[in-house]
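The sequence and model are shown below.

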Amino acid sequence: MAKKVLLIDDCPEQLEIMQLFLGVLTNVEVVTASSIAEAKQILHEFSFSLIISDYTLEERTADDLYAYLQSKQHQIPLLLVCGHSIQS
C-alpha cells in the first residue's frame, strides 16, 4: 500500500506543481485540498503519512491546522511551506 500525503494550498498552480512533483518522483498517493476546511473534511475520511501545507492560506494560517490536529490527537507529521518572501 502506497503512503498517502495531503497537500494543502490555496494557490491552484502551486498545488498542481507540488502534486506533479510528488506523484512523479515518489511512490506516494497525493490528495489535495485548497483550504483548511476542505482538509478537515478529508482528514475525517482518510489516513495520511504526511501533511504538506502552505503556511498562509486565504482564510487561515497553518497554525489553525496544527491546533486542529492537536485537538483531534492526530500524530501526522506536518511540513509547512511558504511562498511569500519576508520583507525587512
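Glu29 is partly exposed, with a relative accessible area of 40%; the classes used here are buried (under 20% relative accessible area), exposed (over 50%) and partly exposed in between, with a 1.4 Å probe and protein chains only. The model is predicted: local features need pLDDT of at least 70, side-chain atom pairs count only at pLDDT 80 or more, and totals for chains, interfaces and linings use all residues. Residues are numbered from 1 along each chain as its sequence is written, and side-chain values use heavy atoms, with hydrogens and water left out.

Side chains of opposite charge can pair when their charged atoms come close. Glu29 forms a salt bridge with Lys4, and the closest N and O atoms are 3.9 Å apart; the criterion is a side-chain nitrogen of Lys or Arg within 4 Å of a carboxyl oxygen of Asp or Glu. The pair links distant parts of the chain, since Glu29 belongs to strand S2 and Lys4 to strand S1, 25 residues apart. Lys4 counts as buried because its relative accessibility is 15%. A search of the whole structure finds one salt bridge.

## The nonpolar cores

In soluble globular proteins, nonpolar side chains tend to be buried together. A nonpolar core is taken here as a set of buried Ala, Val, Leu, Ile, Met, Phe, Trp, Tyr and Cys residues joined through side-chain atoms within 4.5 Å. The largest such core has 15 residues, of which Leu6, Ile8, Leu43, Phe48, Ile51 and Leu65 touch the most other members. Two or more residues each come from strand S1 (3–8), strand S2 (28–33), helix H2 (36–45) and helix H3 (62–71); helices (H or I, at least four residues) and strands (E, at least two) are DSSP runs, numbered from the N terminus. Helix H2 gives the largest share, four residues.

Leu65 is in contact with Ile8, Ile36, Leu43, Ile51, Ser53 and Leu78, leaving aside neighbours within four places in sequence; contact means heavy atoms within 4.5 Å. A second, separate core of seven residues includes Leu7, Leu22, Val30 and Ile52.

## Surroundings of Ile52

Ile52 lies in strand S3 (residues 50–54) and counts as buried because its relative accessibility is 9%. Beyond neighbours within four places in sequence, Ile52 is in contact with Val5, Leu6, Leu7, Ile8, Met18, Leu22, Leu79 and Val81.

## An aromatic pair

Phe46 and Phe48 form an edge-to-face pair, at 6.4 Å centre to centre and 70° between the planes. Rings of Phe, Tyr and Trp (its six-membered ring) pair if their centres lie within 6.5 Å, and planes under 30 degrees apart count as stacked, over 60 as edge-to-face and the rest as tilted. Phe46 is partly exposed, with a relative accessible area of 37%, whereas Phe48 counts as buried at 9%.

## Exposed features

Which residues make the nonpolar surface patch of about 350 Å²? Phe21, Val24 and Leu25 do. Leu25 is found in helix H1 (residues 12–25) and counts as exposed because its relative accessibility is 57%. Patches are made of residues with over 30% relative accessible area and no salt bridge, like charges being joined within 9 Å and nonpolar side chains (Val, Leu, Ile, Met, Phe, Trp, Tyr) within 5 Å; areas come from the Shrake-Rupley method with a 1.4 Å probe, and for residues only the protein chains shown count as cover.

Gln73 has a positive phi of about 60° although it is not a glycine. Gln73 is in the loop between H3 and strand S4 (78–81) and is exposed, with a relative accessible area of 66%.
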